[in-house]
Amino acid sequence: MVKKDVELAGGRVVRAIGGFFYVEPLSGGDIIECSVRGKLKLTHPDILVGDKVKYLPEDSKGVLTEVLPRETVLKRPYITNVDLLVVVFAHQNPDPNPALIARFLVLAASSSIPYLLVFNKTDLVGKGKADKLANIYREYGYRVLCTSVVNNLGKRTLKRELAGKVSVLTGPSGVGKSALLNMLSPGLKLRTGTLSSKINRGKHTTREVQLLKINPQTYIADTPGFSQIALDYLKPEELAGFFPDFLRFLGKCRFNSCIHQNEPDCALKKALEAGKIDPERYDSYLELLKEIRKYWTNRYR
Ligand SMILES: Nc1nc2c(ncn2[C@@H]2O[C@H](COP(=O)(O)OP(=O)(O)OP(=O)(O)O)[C@@H](O)[C@H]2O)c(=O)[nH]1
Ligand SMILES: [Mg+2]
Ligand SMILES: [Zn+2]
């Protein structure tokens, strides 16, 4: 039972493991290990990293008593109350793959959380090549930042972007997500991995999702690099709407339900033929579309 005369404290879950929730008090101070009992377990069986909670301090530990309403929920990784998504790729090692970039950007766009695309390891390519790639994505309509952990490129801009927010770094394994966090906050000493030389891919060095505090009010979740993120929650006809470079051509096809593949009088395909859409982006679109259609047909068969 919660005693009425005891002051409840507020905090944020920064780590969840083995039925315990590690809560950072809003007032600052050490992280408190909290357990959940009885009623709250029933009403909130899925307390997540990012949740804002109230708890009853008990000795040096605590008992969660309330979970506050969530502002946002990100599916992959499963984490709440995120203000900014930072989608990280590398200029090289691993080489950027347009369809994989599109996949992560669609995930970000469909989450309704503001996001930013970061191309890391700028030191591995010349400035010309780095700018060229960044500008291609800027022209599609994305916010892009080039960084390098080797020479601290983009450090100040990234710090400014993250200040006062809860951010999540996503992107494939080996692109330097943990290394970027170490650059921003050297005290974190996060483990970083070397690329396995045979396949030139990351080795999934980071295994757990947790919120790290890098400044007062500023949290970042380092996440394990996903190689595949299933876009199984999207409808085929929604997909094009998550490509900012396609937006101005949408709503003009003959059929409202057009998925811009083989339909007659498709405004998007006309734009493609007229050179107003990058064929590489359209290829990425088709690749994702094919996958989403497969989920849908399997579901309704
Ligand atoms: N040259 C160069 N190497 C970098 C840079 N950033 C990271 N690296 C290296 O890239 C490798 C992978 O970095 P990590 O930070 O472990 O990558 P990650 O994205 O966290 O990978 P996962 O935890 O597996 O998802 C490490 O060897 C880093 O030292 C950079 O800006 N330039
Ligand atoms: Mg990592
Ligand atoms: Zn169409």
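Me: In this predicted model, where buried means under 20% relative accessible area and exposed means over 50%, is Phe246 buried or exposed?
Reply: The cut-off for a buried residue is under 20% relative accessible area. Phe246 has 0% relative accessibility, and therefore it counts as buried.

Me: How is the aromatic pair of Phe243 and Phe246 arranged: stacked, tilted or edge-to-face?
Reply: The structure holds 9 aromatic pairs, and one of them joins Phe243 and Phe246, with 4.7 Å centre to centre and 10° between the planes. Since planes under 30 degrees apart count as stacked, the arrangement of Phe243 and Phe246 is stacked.

Me: Which residue lies over the face of Tyr140?
Reply: Tyr140 belongs to one aromatic cluster together with Tyr115, Phe119, Tyr137 and Tyr142. A charge over the face of the Tyr140 ring, at 4.4 Å from the ring centre, comes from Arg281.

Me: At what distance from the ring centre of Tyr219 does Arg12 lie?
Reply: Arg12 lies over the face of Tyr219, and a charge sits over a ring only if it is within 6 Å of the ring centre, among other conditions. For Arg12 and Tyr219 the distance is 5.2 Å.

Me: Which arrangement do the 4 donor atoms around the zinc ion (ligand 3) make?
Reply: The zinc ion (ligand 3) is coordinated by Cys253 (SG), Cys258 (SG), His260 (ND1) and Cys266 (SG), at 2.1 to 2.4 Å. Four donors count as tetrahedral if all angles lie between 85 and 135 degrees, and the ideal angle for four tetrahedral donors is 109.5 degrees. Because the 4 donor atoms around the zinc ion (ligand 3) subtend angles of 103 to 113°, the arrangement is tetrahedral.

Me: What percentage of the contacts in the chain between residues at least 6 apart in sequence join residues at least 24 apart?
Reply: The chain has 7 helices and 13 strands, and its C-alpha atoms fill a box of roughly 70 × 50 × 35 Å along the principal axes. Of its 301 residues, 46% count as buried. Among contacts between residues at least 6 apart in sequence, the share that joins residues at least 24 apart is 65%.

How values were computed. Residues numbered from 1 in each chain as written. Chains lettered and ligands numbered in written order. Predicted model: local features only at pLDDT ≥ 70, side-chain atom pairs only at ≥ 80, totals over all residues. Heavy atoms only, no water. Phe/Tyr/Trp six-rings, centres within 6.5 Å; stacked < 30°, edge-to-face > 60°. Buried < 20%, exposed > 50% of the residue type's maximum accessible area, 1.4 Å probe, protein only. Lys NZ or Arg CZ within 6 Å of the ring centre and 35° of its normal. Donors = N, O, S within 2.8 Å, 3.2 Å for Na, K, Ca; no water. Tetrahedral: all angles 85-135°; square planar, octahedral: opposite > 155°, others 65-115°. Helix = DSSP H or I, 4+ residues; strand = E, 2+ residues; numbered from the N terminus. Contact = heavy atoms within 4.5 Å.
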